[in-house]
Amino acid sequence: LKTNSVVSDRILLEKAAINIHTDSTGLSNLDIFMTGEPTESEPMEELPFNLIDLEKVALTEANIRFTDAQAGMAATVDNLNMELKGSADKKTIKAEKLELTSGPISFISDAQKMDVSLSGASFDLKGNMNNPALDALANLAINNLCFSLAEEEYVTNLSAKAVIPVKGELDKNKFTFENASLSVAELALMLNGEVTLEEENILTDLTISGKDWELKELLSLVPAQYASYLDGVEADGILTFSGNAKGVINDTEMPFITLDASFSEGKATYEKLLPFPLNKIEAEISAAIDPTNKQPGSIRIERLDVATPRSNLSANGTVANPLGDMLCNLNAGVSLDFAEVAPFIPDTLDLAVDGKLNGKAQTRFRMSDIEKERFSNIYANATLTTDNISARYDTINLSLAGGDIKLELPARTDNSFASVVFTADSLNMNAGQATLLTSAADLTAEINEFPDLTKHNNIKSKFNIGSLSFNCDTLNAA
């Protein structure tokens with residue numbers, strides 16, 4: 001005490017049993033340590049000792065019980081072990097070792113009907129604080145985490161770990177993270193950037209990224225009560241993403257968010273909905289979103305490719321103002337084998353179709369026009385090519401070696417709702433003993449308004465047929 005220092009080579013507390021209890025009136029067993037009325041005190045601006053040097057402070061096999069009858073909360077910590085080695089003087093704090101391990105830990109809240117339990121927890125901290133500079137490294141690991149709310153289990157037997165290197169400027173309340181990581185199961189989330197704490201604001205410039213996340217591992221985190229939605233779904237693939245949050249967090253503001261994500265090696269089967277597998281799913285997407293919607297933001301689909309054993313679909317485009325009245329500008333390409341469509345045709349409909357359809361389409365529309373059925377505001381055009389189409393409906397058979405279909409919304413010629421142009425080199429149709437053959441057939445249809453099956457629709461059509469022959473029993477015409 002003559003040097004105003006605290007120096008110890010060992011402080012041990014073994015097999016401690018610590019019980020903290022607050023009854024329904026708010027009285028606690030800790031109240032015995034209070035003397036008189038509490039008084040406000042000035043905050044401590046510096047260490048009251050010239051030096052504190054602790055070689056080893058240890059707590060072993062401690063059991064802690066906490067109950068608060070007034071708040072309806074209870075917590076337990078079993079087999080807690082802690083070891084500390086460090087020193088401090090007027091300017092510097094040095095934590096050479098701070099390790100904590102524990103057995104089961106649980107927290108129960110009656111008010112929120114919340115139950116949290118974990119086991120195999122460990123924590124260690126090393127670092128230096130040379131006021132105002134902070135340089136520290138923290139490690140946290142949990143072997144088994146369970147969480148339930150309102151008697152619903154959301155997390156079961158989850159493992160997690162975190163490695164958090166942090167540097168700080170304490171006079172500015174500014175903290176910098178470099179290659180910090182949080183891992184849940186086998187999924188690692190990386191964190192880089194800065195956070196500054198102000199009186200009413202939190203200033204952020206943080207980048208969060210994940211690399212080579214396996215979709216199977218991600219789906220395994222779906223809570224049990226929602227797992228039924230995935231019954232019959234088999235899916236896999238690799239997800240990689242990087243996002244940035246930059247701006248202010250307070251009661252009325254949120255930071256602007258940008259995101260780049262890619263998905264590769266995707267495969268999926270869902271026999272309840274799709275009778276065939278999706279054996280290729282790949283995508284590249286970028287987004288810029290303002291959660292406060294002060295800026296419109298956008299989502300860009302750089303590439304989306306989906307393939308089945310006999311068909312494929314590709315798409316790209318943009319979605320502007322995703323949090324408001326979305327403006328979609330999309331392009332698509334398709335190669336469809338009608339053999340894969342056959343399982344979707346109802347058994348009650350005596351219809352069979354075979355052949356292929358290839359083509360491209362573009363569309364532009366606002367979501368409000370879809371919702372309010374303002375279909376005349378929708379722009380779309382498509383160019384499709386048929387290849388060896390054959391169809392049968394009841395006793396009617398149709399075959400088409402090749403043909404072209406062009407669709408426009410709205411029609412350019414007379415501002416109708418849509419126009420459809422169909423061109424075929426040859427068309428063969430028969431029903432019973434009747435056969436119809438055409439060559440160089442052209443059909444143009446102008447549709448004045450969106451088709452309504454409950455009333456007659458005004459459709460103007462025009463035919464141009466190079467040649468036509470008809471045969472029925474002994475009747476022939478050409």
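Trainee: Where is glutamate 340 found?

Mentor: Glutamate 340 lies in the loop between strand 19 (327-337) and strand 20 (351-366); strands are DSSP runs of E, at least two residues, numbered from the N terminus. This is a predicted model, in which local features need pLDDT of at least 70, side-chain atom pairs count only at pLDDT 80 or more, and totals for chains, interfaces and linings use all residues. Residues are numbered from 1 along each chain as its sequence is written, and side-chain values use heavy atoms, with hydrogens and water left out.

Trainee: Why is glutamate 340 said to have no salt bridge?

Mentor: A salt bridge is a side-chain nitrogen of Lys or Arg within 4 Å of a carboxyl oxygen of Asp or Glu. The nearest side chain of opposite charge, arginine 310, is 5.5 Å away from glutamate 340, so no salt bridge is counted.

Trainee: What does the side chain of glutamate 340 reach at 3.1 Å?

Mentor: That side chain reaches the backbone nitrogen of arginine 310.

Trainee: Why is isoleucine 164 called partly exposed?

Mentor: Isoleucine 164, in strand 10, has 34% relative accessibility. Buried means under 20% relative accessible area and exposed over 50%, with partly exposed in between (1.4 Å probe, protein chains only), so isoleucine 164 counts as partly exposed.

Trainee: Which strand gives the most to the lining of the largest pocket?

Mentor: Strand 10 (residues 152-169) does, with six residues. The lining has 13 residues, and among them Tyr154, Val155, Thr156, Ser220 and Leu221 lie nearest the pocket's centre.

Methods. On a 1 Å grid over the protein atoms alone, a cavity is a set of points where a 1.4 Å probe fits but cannot get out, and a pocket is an open set with protein on both sides within 12 Å along at least five of seven lines; lining residues have an atom within 4 Å of a point. Helices (H or I, at least four residues) and strands (E, at least two) are DSSP runs, numbered from the N terminus. Lys and Arg count as positive and Asp and Glu as negative; His and the chain ends are not counted. A polar contact is a pair of N or O atoms within 3.5 Å; within protein, one must be able to donate a hydrogen and the other to accept it, and residues adjacent in sequence count only if both atoms are side-chain atoms.
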